[in-house]
Amino acid sequence: MSSINAPDLNTGFPRSPRETIGGYVVAARTLDKCRAEIAGTAGEYHYDCPLDQMFLEFVGISSSDFKEFVATGADDEAVAKWLSENGKQHSKEEIVLWNNDLRYKRISEMPTNLQVFLEDYIAEFIPKDKVVYHWFDVYDYEEGRL
């Protein structure tokens, strides 16, 4: 794969989980981490983490199949098309509901083990003057988008 498409996550960040590809939240972030892993520039980021797995499970594509396609050098538009052609077929309503469930998920709505993990994580990595309203806020505060 051409490293032109791969972000260097040693010096930068993947896109926000709020950004979409093919209409799906999390997709752009998953794609950035996958490209970086292929290029050897993932730094501390991990492709196929629980967030990536949530997205891939929803679209019905394995992490290995996704990575294999991404390794072809496909741009964002080609990835969106590939997801549409190879993933589970969802109605617009199903996608919107899934997106909004994640986009606006509060920490208190998450499984207990993630709530416990995030309790300490937020205290350590999010500035004290920032209020986390939604799960995705954690990523965007930590990576300087909020």
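**Entry 1: H2 against H5**

I looked up how H2 passes H5 and found a right-handed crossing, the term being used when the near helix is turned clockwise from the far one by less than a right angle, and left-handed when it is turned anticlockwise. The model is a predicted one, in which local features need pLDDT of at least 70 and side-chain atom pairs count only at pLDDT 80 or more, while totals for chains, interfaces and linings use all residues. I number residues from 1 along each chain as its sequence is written, and side-chain values use heavy atoms, with hydrogens and water left out.

The axes of H2 and helix H5 (residues 92-103) come within 12 Å and cross at roughly 170 degrees, axes being lines fitted to C-alpha atoms, for helices over the stretch in contact, with angles from 0 to 180 degrees between N-to-C directions. H2 is therefore roughly antiparallel to H5 (over 145 degrees; under 35 is roughly parallel, 65 to 115 roughly perpendicular, and the rest oblique). From H2, Met54, Phe55 and Phe58 make the contact (heavy atoms within 4.5 Å) with Glu94, Ile95, Trp98 and Leu102 of H5. By class I noted 6 nonpolar, no polar and 1 charged residues for this contact.

**Entry 2: H1 against H3**

I then turned to helix H1 (residues 27-39) and helix H3 (residues 63-70), which pack at an angle of about 70 degrees with their axes 10 Å apart. H1 and H3 are therefore roughly perpendicular to each other, and their crossing is right-handed. On the H1 side I listed Thr30, Leu31, Cys34, Arg35, Glu37 and Ile38, which meet Phe66, Lys67 and Val70 in H3.

**Entry 3: Phe66**

Is Phe66 buried or exposed? At 1% relative accessibility Phe66 counts as buried, which needs under 20% relative accessible area, whereas exposed needs over 50% and partly exposed lies in between (1.4 Å probe, protein chains only). Leaving out residues up to four places away in sequence, I found that Phe66 touches Thr30, Leu31, Cys34, Tyr47, Leu56, Ile61, Val79, Trp82 and Leu83. The C-alpha atoms of Phe66 and Glu37, 29 residues apart along the chain, are separated by 12 Å.

**Entry 4: the two sides of H4**

In helix H4 (residues 76-86) I found Val79, Ala80, Trp82 and Leu83 buried. Seen down the axis of H4, these buried residues fall within an arc of 165 degrees, so they line one face of the helix; the arc is that of the directions from the helix axis to the C-beta atoms. What covers them includes strand E1 (20-21), H1, helix H2 (50-59) and H3. The face of H4 turned away from its buried side carries the exposed residues Glu77, Lys81 and Glu85.

How values were computed. Helix = DSSP H or I, 4+ residues; strand = E, 2+ residues; numbered from the N terminus. Nonpolar A, V, L, I, M, F, W, Y, C, P; charged D, E, K, R; others polar.
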